[in-house]
Amino acid sequence: MIQAVEIKKPRKLIEVAMPLDAINAESVRRKRKAPAGYPTTLHKWWAQRPLAAVRGVLFAQLVNDPSWRWEMENPGVLPPNHLKATWAKTRRRLFGLIDEIILWDNTQSRAVFAKAQAEIERSWRECCEINADHPDAGNLFDPNVLPSLHDPFAGGGSIPMEAQRLGLRPIATDLNPVAVVLNKAMIEIPARFDGKAPISAAHKNTELALSSSWMAASGLAEDVRRYGSQLAAQAWDEIGQLYPPVSVTEDMVQGRPDLEPYLGQTLEPVAWLWARTVRSPSPAFRHAETPIAASFVLSTNSASPISVEPVVSGDQFSFAVRTGKPSASAKAGTKIARGSFGCVLSGAPITYSYIDDEANAGRMGRRLMAIVCEGKRGRVYLPATADAVAAADAADPTWRPETPARGTFASNAQGRKYGFSTFADYFTSRQLCALNTFIDKLPSLQQAVKEDALRAGFMDDDVPLESGGAGARAYAEAVVTYLAFAIDRVADYGSAISTWRNKDSAMRSALASQSIQMAWDFAEGSPFGRSSSGFQESVKVVAKAIPYLATNQLGIARQAAAQSQSFSKNSFVSTDPPYYNNIGYADLSDFLYVWMRRSLRNIFPSVLGTMVVPKSEELVATPYRHGSDEEAEEFFLNGMTQAMSMLAEQAHPVAPITIYYAYKQSETESEGGTSSTGWETFLEAVCRAGLTVTGTWPVRTEGDNRQVGQDSNALASSIVLVCRPRHADAPTISRRAFIRELNQVLPQALDEMTRGTGDERTPVRAADLSQAIIGPGMAVYSRYATVLEADGTPMSVKSALKLINRFMAEDDFDADTQFCLHWFEQNGWAEGAFGDADQLARAKGTAVNGVKAAGVIEAASGKVRLLRWSEYSTDWSASKDDRLPVWEVLHQLIRLFKTHGEAAAGTLLGAVTEKGDAARQLAYRLYTMCERTGLSDDARAYNEIITSWGAVEEVSARSGAQRQTSLFDV
C-alpha cells in the first residue's frame, strides 16, 4: 500500500496577524458613503462586503507568514529573538502593503496592486518549491500559474472581483440568476473589452473624466453612457406626454412667497407624492375615500420646511401644501396609534387588517398630495393638479409582470398582502409603461450598437456574449447588459413602494432594507427626472462603476448550487454564505428579476430561463418553505454542511479557506454571550464538514450609523473564519479534557487580544471581544473529530459555545471581584436583598461584610448595592489598603482617570502592577455586559479606560512601583 504524501502548507499571514484597525476604518468609511464609481452601485444586492475588508482578507489568506519556514523546519522549537524581530519587520512591511491596497483611492493604481500581486506570486512559488517532489505536483503546483479563486456564494461579486484585481482568475458561482448576471458584468465582460476605445468617433469624455488612453473598461463605460442617452431620448419621444411639466399659477403662489420667483414658469417634475386611500370604515362615510399616510411632512429643510394638510369638506378631502414648521399632526400623518390610522372624515380608527382587506378586494386607491419639481436652488413643492392626475391615469401598459408575489415581508416574517398579489402590483400603470418602453427599445438599440461596433473594427463573428464572444455582437450585448442594470435601478427607485426622503428631498429605494415593506405614502419618481429614479441618472451611476472593475484576468461566472458544485477543485476559496435566515435573497431578487429577465433573456438564455429565482435549493432557513422553524434549521444545517464539505474536499490544500459570517445586533446580546441559532447552526455545519478553525477576525463590514459615543463602539458586523480541513486521523477527547485545554488556551488568547502585540496586532476593541474569543475556543473544539460529553454523546457546537462564552464571565479573579462581577450581572447598580448577597458571597468564598470592608459595596437595612466609581472614597491610598480586590482597582482607576486624567491613573497602576492585567480584562468584561444590557454611560466609562490603557501604562512604567503621592488623597 502506497502511503499518501502529505502536502506542506506554510502558515499564512491571516493565521497569525492582521492590521484590523486600518481595514475596519476604511470599510466603515466606504460603507457609510459609497463614492462615485464604487462597484457595489453597479446593481442592487444585499449585504455586500466592503472592498477594503475583502482585499485585506484575500491578500493575507494567500501570502505566507514570515515565520513559516522556521516553523516547518523546527516544529515546536521556540525561535531566537533575532528571528522574531525579522519576522515582525516583514509583517510591518506586509501590513503597509495592505494599508495601500485597501484604500479606495488606490483602486485604479496598477503600480500599487502590482506590488501586492508580486507578494502573492512569491508566496505561491515558495509553496511550489517545497512541494516540488509531491506526486501530484504537476497538477497542484505549477509555479507559473496561480490557482483560481472560487466564491461558491458569489452574490454581489465583491470577493471574485477583488481576487481578479489581485491577479487571480476569479470563479463566481451562485444559484441566484441575478447574482450570476451581476458577476458576469463584474468579472467577465470588462476583461473582454479591456483598453477598447468607444466605438463612436464623436464620443465626449466629460461624464467619466477619464484619460484618453481608455484604460480598463472606460471605453465601454463611455458607450454605455452615450447609448443610454439615446435610449432615454427615444423613450421620451414615445411616452413623454405622460410626464408633463407643471405651470406655476397665481393660485399656487397665494400664501407661498417661496413660489413667487417661479410665477408663470413651467417646472420639470422630479416626483409625484401620493397617499394611499381606502373607503372609510365609518357607516356614514362608507362611500367615501380617506387617506392613509405615515407622515405629511415632505421636507424637513430647516430654512423652508414643507408639509401637506388634508382639507376636509363634507365627504371629500384635498391636500394643501404648507410652509413653516410642521405640526405634530403633520408628522404623524393619519396615524393615531400603533397599528392603526384615523379616518380624516369621521375620526374612526382604521386597522391594518381593515386596510389589508380593502386592498385585497381591489379597493385601495391613491391621491396625489404634492408634486416635487426642479427649482433654481433646490426642489420646489407644488400642489396637486388635475392635469398631473390625468397624465398618470392615462398610462396603459402593454405588459405586466403577473408573477405571483409574497406581498410585504421581512426576512422570514411574512407581512400582509395589501393587494400586492403579483409583481405588477408593486408598480403604478405609468411606472409599468416607462419600464416597458425602455426594455422594448433595447433590441433595436442593440442592433445599432452592433453596426457601430462593426464600423469601428470589431469582428463580425456573431459569437454571443454568453458563449465568450468579444466581437461586434458581444460588444452590443455588453452595452445592453449595463443598460438593463440601469433599468433595474429605475424599477428599484421608481416603484409604488419607493418613498420620499424628506430629510434631503430625494428618492428612497424600494429595496433600501432587506425586506419588501408597505409604503403608506409613496413617491413616484420621474424616469426622466434628475433623481435616483431617472433613467439617465441611473445610467450615469452604472457607467461610473464600470472603469473601476478589474480587467487583468478573465473571470468565470456560472449558475451552480453550492451543495453540488465542482468549481472549487484545486482553487483557493473565499466566500460569504447566507446568514441563516437573515436575508431572503431569492424572494427579494424576484422584484428585479422579472425586469432583468425581460431585458436580458435573449443575451443570457441559460441563466434567465426560469420564471422566478430558484428557491428550493437556496440555503436560507425559511420556515414558510419548509413547514416549521425546526425543519428550516435542519434544511440549512444539512445543506450548509454539504456545501462546506465540498469546499473541504475540493479547495486547494496549500491555503486556508476564508468564510464571512455577519451578525445581526440581536444575535450578540443574549446573556449567554455571543450566540444565536444561526451562528450555532452555521458553525455546526463548518465542523461537521471536516473543517477546523485556525483563526477568526472581527471585521466591520457594515456602516457605523448605529455607533454612539467614541470611535467605533458598535459590534463588529462580521466574523471572518479562517479554516483548513481537519486531519483525517483527528482524535476524540472528553469534555473534561476539552475544558482543560480551553483553560490553557483562552487566557493567553484573551491577553493577546486585549493587550495586542505591538505593530503586529493591535488590541481587539471591547465591542468585538465576545466575538473574537470564539475563534481560539472553536479552534480547540474543531481540531478534534469529536468532543464527548460525560454520557458519551458528542458535544454540540451550542454546548461548546456556552463553555467558551462562560470564560468571558469567569476568570481567576479574587473572590471579592467574582462576587461583584456576578452581583453586577444580576442587579447592575440597583439594590438587592442581603440574603441573596450572602448566598452569592458564600458561593464565591467571601462574605458580604468583607466585600463591604473592601469599600466597593453598601450594605445596610437588609439591602446591598455596588458603589459606582463616582462614589468611591477619595481619601484612599492603594499602599494602605489591606483588602484590595481587582474590582476596586479598576473603579479607582476610572475615578482617577475621569477626575485627574492619564497621569493620575498611571501612577496608581504603577503602584498595583500585579493587578493591572486583571483590571484590564475586567474592564473588557464589564464593557461587554453593559453593552448587552443597554448601560451606555457605564459602557462608555469602561471603554474610555480600555482605549487609554496604553497611555496609562506608559505613565505606570515611568512611575514604577513608587508609592502614591498625596494626589490620591484629594
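This is a predicted model: local features need pLDDT of at least 70, side-chain atom pairs count only at pLDDT 80 or more; totals for chains, interfaces and linings use all residues.
Residues are numbered from 1 along each chain as its sequence is written, and side-chain values use heavy atoms, with hydrogens and water left out.

The chain contains 33 helices and 30 strands; helices (H or I, at least four residues) and strands (E, at least two) are DSSP runs numbered from the N terminus. The radius of gyration is 32 Å, close to the 30 Å given by the globule rule for 970 residues, so the chain is as compact as a globular protein of that length. This radius is taken over C-alpha atoms, and the globule rule is 2.2 Å times the number of residues to the power 0.38. The C-alpha trace spans about 85 × 80 × 55 Å along its principal axes.

Of the 970 residues, 59% count as buried; buried means under 20% relative accessible area, exposed over 50%, and partly exposed in between (1.4 Å probe, protein chains only). The accessible surface of the chain comes to about 38000 Å², and 48% of this belongs to carbon and sulfur atoms. Areas were computed by the Shrake-Rupley method with a 1.4 Å probe, and for residues only the protein chains shown count as cover. Contact means heavy atoms within 4.5 Å. Among contacts between residues at least 6 apart in sequence, 73% join residues at least 24 apart.

Several loop residues were examined individually. His 43 lies in the loop between helix 1 (20-32) and helix 2 (51-62) and counts as buried because its relative accessibility is 4%. Beyond its neighbours within four places in sequence, His 43 is in contact with Gln 48, Val 178, Leu 182, Phe 485, Asp 488, Leu 592 and Met 596. Ser 505 is placed in the loop between strand 17 (499-501) and strand 18 (506-508). With 11% relative accessibility, Ser 505 is also buried, and its contacts, leaving aside neighbours within four places in sequence, are Ser 299, Arg 379, Tyr 381 and Trp 500.

Leu 884 is found in the loop between strand 30 (863-866) and helix 29 (886-900). This leucine is buried, at a relative accessible area of 14%. Not counting residues up to four places away in sequence, Leu 884 touches Trp 876, Ala 878, Val 889, Val 912 and Lys 915. The C-alpha atoms of Leu 884 and Leu 267 are separated by 75 Å, the two residues being 617 residues apart along the chain. Pro 75, in the loop between helix 3 (68-73) and helix 4, counts as exposed at 62% relative accessibility. A distance of 62 Å separates the C-alpha atoms of Pro 75 and Arg 226, which are 151 residues apart along the chain.

Charged residues were considered next. Side chains of opposite charge can pair when their charged atoms come close. A salt bridge is a side-chain nitrogen of Lys or Arg within 4 Å of a carboxyl oxygen of Asp or Glu, and by this rule the count is 50. One of these joins the side chains of Glu 100 and Lys 115, at 3.0 Å from N to O. The pair links distant parts of the chain, with Glu 100 in helix 4 (residues 81-101) and Lys 115 in helix 5 (residues 110-130), 15 residues apart. Glu 100 is partly exposed at 28% relative accessibility, and Lys 115 is partly exposed at 40%.

Within helix 5, Arg 122 and Glu 119 are 3 residues apart, about one turn of the helix. Their side chains meet in a salt bridge of 2.9 Å, N to O. Arg 122 is partly exposed, with 30% relative accessibility, whereas Glu 119 is buried, with 10%.

A further salt bridge is formed by Arg 473 and Asp 462, whose closest N and O atoms are 3.6 Å apart. Arg 473 lies in helix 16 (residues 472-493) and Asp 462 in the loop between helix 15 (442-455) and helix 16, so the pair ties together parts that are 11 residues apart in sequence.
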